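Trainee: Could we take a close look at one single part of this model together? I'd like to go through it slowly.

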Amino acid sequence: MESSLYEAFVAILDPVMLLTSLVGVTAGLFIGALPGLTATMALAVLLPFTFSMPPLQGLIALGAVYMGSIYGGAFTAILINTPGTPSSIATTFDGYPMARQGRAYEGIASATIASVVGGLVGVTALLLLAPPLARLAVAFGPAEMFWVALLGLTLVASLSAGSLLKGLTGGCIGIMLGTIGVAPVGGETRFTFGLPAMQGGVELIVALIGLFVIPEILSMAATVRGAVPEEVAKLRQNVSIVSVAKRIFTRPVNLIRSCIIGQLVALVPGAGGNVTSLVAYNEARRFSDDPDSFGKGNVDGIVASESSNNVMVAGSMVPLLTLGIPGAPPDAIILGVLLLHGLRPGLDLFTETGTLTNGFILSMGLGALLLLPVGLLGGRLIQRAVVRTPVYFLVPSIVMVTILGTFALRNSMLDVLIMLVLGTAGYFLRLLGITAPPIVLGLILGGIAEQGYVQAVLTGAAYEVPQLALVKNPLSIVLAVLVVLSALTALLPQWLERRGATKSPSPRE
Amino acid sequence: MKAQLLIASVAIAAASVSISAGSAKADFPEGPITYTIPFDPGGESDVTARFQEQHLEEILGVNVNIRHRPGGGGAVGWSEFQNNAEPTGHEIIGINIPHIIAQPILREDAGYTTDGWEIVTFFHQTPNALIVPQESQFESLEEVVSYADENPQAVTLGGSGTFSANHLETLRLEREADIDVTYIPFTGTGPLPAALQGGHVSGIMNYTMLGVQLEDKGRVLAVSSEDRVSALPDAPTFRELGYDIVGGAYRGVAVPEDTPQEAIDTLREAFAKTNKRIAEKQRPLGFVMTDITGDDADELVNQLREAYGPILEAQQSN
């Protein structure tokens, strides 16, 4: 193992490998920054090219693109309030307000440092802890997935900024959107309005683009000049990367917590970067001294979101490489590549073909380090491009890119249509105070919860009360208790507030 | 003179027609071929198409572009293909049994029909495999059957999706052995290794591929092929154990109806050659290579439609 680690280290320092990694990270960065182009897509597109490469180089290219694209999503999240990939949903919450306060560069620099740290943490966890962590991943069965999804849904309360009712409404809209198409368990078609093309349902990315991009574009167009606010345009700011780094590292609790959360959630099969970053964000807010500042431009929000989603890149490889369980959607493609090269997930991967596997893992660490120079240079470029482009160019070009991106996703015009309809609806919902995050959360987690519930109850078919299967294991009981606690801590302040509010006028009565 | 001219021009015209017809024959394919996979990247269909791509390109001499059109367990891609694809042979789509048989029976409007295209070939098959965890109490299929006989619904078998090959084979086993087990559908093969290793189900009815992948973590109790699968020599077939279950997932490609026979033949040969070249890589993964074409392909579809039809309709009326 140690000798193969050393050999792997030497192997990735080969100039060709270094160059592959650099090109991969750069390409990933730009793909990730474009709304509609996801990490999964980037990997799928790259796949054929890696066949002509030696196995190690192919894997390095895929790892680098993966790392770069998850990070790249932060740019558009911060600059135009649009997550470039689903993993950056939570980055928009504080990133965009920061940009509007003239702190765009500070936001990007924070995202960069958080991503580098997150990436390195994920790689370290993969190298040192793969076997024990893999055992933990296996513990998540249908019942546990149900509780995890419910735990995620309690986030709605903290995302709804002010009105719980509006947040819940948004969450319900999302859950309903998620029921369109063929049922994950049972196979019947639901709410397709007789259109065969609707059997595929509403793809998360399509909803994401529609709900985040279109309302932003419409309000840009509506307010004409204020589109990219003057403040965002300020390129020269009195913040240096060093001072941003100092701020993050002198208060490391948030960073450490987010990395741990990122690693743990990454182990849960099927929960990708979108779930990791949302959970980390919520915990950052919950444990903060000043939770009310979240959503208004608190750097900690960006750090939580961006560190945890980059932990996920290598972190989700733990169950993949050791057990053959893809921890996140893009991992399925990596699994395909491994099989193509005759590499079978399992502990052999670390012993018999250790040099290759360790080379792949180390190269992800290299990719994470490369984010720093590439991100800061490429970031300047993207920021400048967004900021310097006049609104009347920017709006149509973003619209064009999003339409192309949406179409490219599944080669479907219907997706484009759904995107535009959801976007327009999203614009009006936003005017009513129902924002995109709870809707997207409902869409992501509704399906996971449904599936976990049905599968768990099915496994209890032989019991008198099949629902008991939901609390059969200690882990599922712990998770169920967490759900109740989380819901209570979210509801309690609001309840107290209301009691206070109804009490205070009472003396006058 | 005039007549001669007329004859000559007719001859020339005829010749040019025949030349162009002849060259059309020789010219297929004239341009790039679009190979649609109606599933997400990363699955067996996608991985196989990636294996094939490079060889098809070499043999056919044109680019082969793989694109994905996932949704509805394949139905979205298939309905779009049957409605829109040009019958020139330049648009081909991956097809899967039992999906193309089961969906049109089960869904009021799946958007396509089982026979609404020309099947070029079924190039391989992945037989179903009944796999239990290494530490399972069950050492053989017989033990599973007798336990299930005494404890109805207590044996839980995970598989990929509802009315997938895995599900249908589970239903066939229930009929053949007269037992009642509980089938737990998952979203594809991806989550199944975790379900098996985590002990969330008693076992899984999946494909031989996973049996190979989980070699040291699971026990393959039976496979649903005619003969033993070379990658799993120790696993008996259902038939050996007394249950007449032969099936699994067949993967192939189809072109639109009315595609010229020459194009179909050219594609068929290309896939057959490709198959030979990639067999060495695919067999150890648990695939069984086949080359079922023309009438044989239609016959296979009909035969399995008859086998699955009553099971599906019985489920439908439940």
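How many residues does the contact take from chain B, and how many from chain A?

Mentor: Keep in mind that this is a predicted model. The contact draws 47 residues from chain B and 43 residues from chain A. Put together, the two chains bury about 3,500 Å² between them, and 60% of that lies on carbon and sulfur atoms. Three residues stand out on the chain B side: Arg50(B), His200(B) and Gln213(B) supply 17% of the area that chain B buries against chain A, more than any other three residues.

Now for the pairs across the contact. You'll find 0 salt bridges between chain B and chain A, but there are 6 residue pairs in polar contact, both residues at pLDDT 80 or more.

Where does the chain B side come from? Elements giving two or more residues to it are helix H2 (44-60), strand E2 (64-68), helix H3 (75-84), strand E7 (182-186), helix H7 (192-197) and helix H8 (208-213) of chain B. Sort that side by class and you get 20 nonpolar, 16 polar and 11 charged residues.

Let's follow E7 back into its own chain. In chain B, 5 strands form an open sheet with mixed pairing, in the order E7-E6-E8-E5-E9. E7 is an edge strand there, as is strand E9 (218-223) of chain B, and each pairs on one side only. On average, neighbouring strands of this sheet are turned by 30° against each other, direction ignored. Finally, helix H6 (residues 165-177) of chain B packs on the sheet, touching strand E5 (128-133), E6, E7 and E8 of chain B.

Technical notes: Residues are numbered from 1 along each chain as its sequence is written. Chains are lettered from A and ligands numbered from 1 in the order in which they are written. This is a predicted model: local features need pLDDT of at least 70, side-chain atom pairs count only at pLDDT 80 or more; totals for chains, interfaces and linings use all residues. Side-chain values use heavy atoms; hydrogens and water are left out. Contact means heavy atoms within 4.5 Å. Buried area is the accessible area (1.4 Å probe) that two parts lose on being put together, summed over both. A salt bridge is a side-chain nitrogen of Lys or Arg within 4 Å of a carboxyl oxygen of Asp or Glu. A polar contact is a pair of N or O atoms within 3.5 Å; within protein, one must be able to donate a hydrogen and the other to accept it, and residues adjacent in sequence count only if both atoms are side-chain atoms. Helices (H or I, at least four residues) and strands (E, at least two) are DSSP runs, numbered from the N terminus. Ala, Val, Leu, Ile, Met, Phe, Trp, Tyr, Cys and Pro count as nonpolar, Asp, Glu, Lys and Arg as charged, and the others, Gly among them, as polar. Two strands pair if DSSP finds at least two bridges between them. Axes are lines fitted to C-alpha atoms, for helices over the stretch in contact, and angles run from 0 to 180 degrees between N-to-C directions.
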